[in-house]
Amino acid sequence: MPLEAVEARRLYRQVADQLRSLIDSGEYAVGSRLPTERELAEQLKISRPTVREALIALEVEGRLRIRVGSGIYVIEPAAVAAPATAAVIEGPFELLRAREFLESAIAEQAARVATKDDIARIDASVLAMENVEHPGEASMVHDRAFHVAIAGSLGNAVLVRVVGELFDQRLNPYFAQLAHYFESPGTWRTALDEHRAVRDAIAAHDPQAARDAMRDHLARSQERFAQNFGAETAAGSSAGRGRAARSAPTPAGSKRAPKKRAKKQAKSGSARQR
């Protein structure tokens with residue numbers, strides 16, 4: 001039998017696959033509520049953003065419904081969706097972390113080399129962002145133009161393409177679903193202030209300030225997407241916690257294994273924390 005190539009699965013996909021298996025096996029019945037993000041993260045010994053990416057993936061697949069202020073519920077899928085492309089979609093937090101690393105360095109260099117024409121292009125995108133409704137397609141166009149304009153000031157076509165392609169990943173269904181919960185006119189105004197701080201640092205030719213401002217902007221974007229769905233209190237009652245503790249998947253190596261099936265699933269799917 002010929003050997004097959006081994007492909008490392010993204011951690012959030014491993015978590016999603018494990019939860020889907022538990023749903024399919026009846027561990028979590030249709031209509032039941034899953035443990036909270038916090039409880040799942042503690043049981044699996046992984047970060048909450050990774051759990052959130054997994055939950056969003058399952059919601060997009062039609063296996064879960066997230067009800068803000070109530071909890072995360074298993075639903076009857078209308079049709080079994082084969083996530084053929086899901087394995088190659090980066091998670092929203094993974095994308096934002098990559099952008100934070102790359103674009104903070106780009107902003108730092110832009111503060112060193114940006115010309116008056118470069119600043120004018122950045123200013124044009126900021127002005128356009130000030131006069132657009134959000135959320136909406138137009139706001140994303142101008143947001144993208146801002147980040148691409150900063151990369152363009154370095155005179156490197158590869159960096160311009162990479163920044164644009166990373167931004168375009170916001171169009172993937174997982175990122176779009178997460179944005180549906182947490183983006184609003186209020187968050188747009190906050191993000192706009194962060195964009196202005198980046199612009200001002202570049203215009204002042206202050207590399208360290210530009211780096212810090214871009215890193216702060218993208219880190220705060222992650223924080224906005226990592227807010228609670230609002231079900232921590234509702235799902236954290238003593239009865240709810242008891243049910244969650246009994247039914248939550250247990251990672252490999254844990255001394256507590258409430259159910260053999262959950263323990264077996266968790267053994268095969270848990271992974272190191274980011």
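Tutor: Begin with a loop: K45 sits in the one between α2 (37–44) and α3 (48–60). Helices here are DSSP runs of H or I with at least four residues, strands are runs of E with at least two, and both are numbered from the N terminus. The model is predicted, so local features need pLDDT of at least 70 and side-chain atom pairs count only at pLDDT 80 or more, while totals for chains, interfaces and linings use all residues. Residues are numbered from 1 along each chain as its sequence is written, and side-chain values use heavy atoms, with hydrogens and water left out.

Student: How do I read accessibility, and where does K45 fall, buried or exposed?

Tutor: Buried means under 20% relative accessible area, exposed over 50%, and partly exposed in between, with a 1.4 Å probe and protein chains only. K45 counts as exposed because its relative accessibility is 53%. H205 has 43%, so it is partly exposed. R112, in helix α4, is partly exposed because its relative accessibility is 48%.

Student: How many residues are in the protein chain, and what percentage of them is buried?

Tutor: The protein chain has 274 residues, and 46% of them are buried. Accessible area comes from the Shrake-Rupley method with a 1.4 Å probe, and for residues only the protein chains shown count as cover. The chain exposes about 13800 Å², of which carbon and sulfur atoms supply 53%.

Student: Which secondary structure elements does the protein chain have?

Tutor: There are twelve helices and two strands. From the N terminus on, the order is α-α-α-β-β-α-α-α-α-α-α-α-α-α.

Student: How should I read contacts across the sequence?

Tutor: A contact means heavy atoms within 4.5 Å. Among contacts in the chain between residues at least 6 apart in sequence, 74% join residues at least 24 apart. Take M129 in helix α5 (residues 116–130). M129 has a relative accessible area of 1%, so it is buried. Leaving aside neighbours within four places in sequence, M129 is in contact with H142, D143, F146, W188, L192 and H195. M129 and W188 are 59 residues apart along the chain, and their C-alpha atoms are separated by 9.1 Å.

Student: Which side chain makes a polar contact with that of R224?

Tutor: A polar contact is a pair of N or O atoms within 3.5 Å; within protein, one must be able to donate a hydrogen and the other to accept it, and residues adjacent in sequence count only if both atoms are side-chain atoms. The side chain of R224 makes such a contact with the side chain of E194, at 2.9 Å. R224 belongs to helix α10 (residues 207–225) and is buried because its relative accessible area is 14%. Not counting residues up to four places away in sequence, R224 touches F182, T187, T190, A191, E194 and H217.

Student: What separates a cavity from a pocket?

Tutor: On a 1 Å grid over the protein atoms alone, a cavity is a set of points where a 1.4 Å probe fits but cannot get out; a pocket is an open set with protein on both sides within 12 Å along at least five of seven lines, and lining residues have an atom within 4 Å of a point. Grid points are joined across faces, edges and corners, and a volume is the space filled by probe spheres set on the points. The structure holds two cavities of 30 Å³ or more, and the largest cavity has a volume of about 210 Å³. Of its 19 lining residues, the closest to the centre are R170, E183, A191, S221 and R224. Helix α10 gives the largest share of that lining, five residues.

Student: What is the volume of the largest pocket?

Tutor: The largest pocket holds about 350 Å³ of space. It is lined by 17 residues, and G136, E137, M140, R170 and L171 are the closest to its centre. The largest share of the lining of this pocket, five residues, comes from α6.
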